[in-house]
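Subject: Structure handover

Hello,

Here is the structure I said I would pass on. My notes on it follow below the entry.

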Amino acid sequence: MTRVADDAILTQSDAETEAIGAQLGARLGAGARVLLYGELGAGKTAFVRGLAQGLGIDPDDVSSPTFTLVQEYRGGRLPLFHVDLYRLASGEVDDLGLDALAADGVLAIEWAERLPRPDAGAIRVRLEHAGHDQRRIAIDPPPTAG
């Protein structure tokens with residue numbers, strides 16, 4: 001993995017993408033929200049497997065929640081709630097009760113562009129194809145208060 005000029009990270013494999021997620025997951029506390037952006041196959045679920053590992057959850061338990069909408073993973077220092085909004089319209093998202101989930105653990109949302117409102121306190125992760133197995137990952141932390 002290499003850092004590129006615009007503070008993004010270029011990974012060469014799913015394992016490297018997971019490693020970046022694990023580094024972030026190790027630093028997250030209860031109430032953290034991670035919004036994931038990227039087209040199909042960009043590595044969003046691989047990144048969430050890394051988040052799980054960073055939280056002490058078995059990354060092999062993580063699968064894409066496309067058809068179940070929300071997966072819950074426990075067994076680490078905090079629960080991880082993995083949400084996939086791909087099949088939902090923006091107006092349907094409020095019915096999921098995401099705010100309540102976020103309070104008890106870490107919330108990772110794939111296809112976050114479908115959220116009905118911006119979430120100023122969330123970490124934004126943008127994943128892009130960069131050729132072959134490479135992924136470009138940019139992580140934007142939430143703005144600091146004050």
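A cut-off is needed for one of the points here: a residue counts as buried under 20% relative accessible area, as exposed over 50%, and as partly exposed in between. Please also keep in mind that this is a predicted model.

Glu128

Glu128 has a relative accessible area of 39%, and because that value falls between the two cut-offs, Glu128 is classed as partly exposed. The residue belongs to strand E7. Leaving aside residues up to four places away in sequence, Glu128 touches Ala42, Gln134, Arg135 and Arg136. Gly43 is 85 residues from Glu128 along the chain, yet the C-alpha atoms of the two are separated by 7.9 Å.

Overall layout

The protein chain contains three helices and eight strands. Their order along the sequence is β-β-α-β-α-β-β-α-β-β-β. Of the 146 residues in the protein chain, 47% are buried. Taking contacts between residues at least 6 apart in sequence, 58% join residues that are at least 24 apart.

Helix H2

Helix H2 covers residues 44–54 and is mostly covered itself, with ten of its eleven residues buried. The buried set is Lys44, Thr45, Ala46, Phe47, Val48, Arg49, Gly50, Leu51, Ala52 and Gly54. What lies over these buried residues? The cover includes helix H1 (14–25) as well as strands E3 (33–37), E5 (80–84), E6 (106–110), E7 (123–129) and E8 (135–140). Strand E7, in that list, is the strand that holds Glu128. Just after H2, Gly56 has a positive phi of about 85°.

Strands E4 and E5

Strand E5, which is part of the cover of H2, is also joined to strand E4 (residues 70–73) by four bridges, and the two strands run antiparallel. Which residue of E5 is the bridge partner of Gln71? That partner is His82. E4 and E5 make a hairpin with six residues between them. In the turn of this hairpin, Gly75 has a positive phi of about 110°.

Regards

Methods:
Residues are numbered from 1 along each chain as its sequence is written. This is a predicted model: local features need pLDDT of at least 70, side-chain atom pairs count only at pLDDT 80 or more; totals for chains, interfaces and linings use all residues. Side-chain values use heavy atoms; hydrogens and water are left out. Buried means under 20% relative accessible area, exposed over 50%, partly exposed in between (1.4 Å probe, protein chains only). Contact means heavy atoms within 4.5 Å. Two strands pair if DSSP finds at least two bridges between them.
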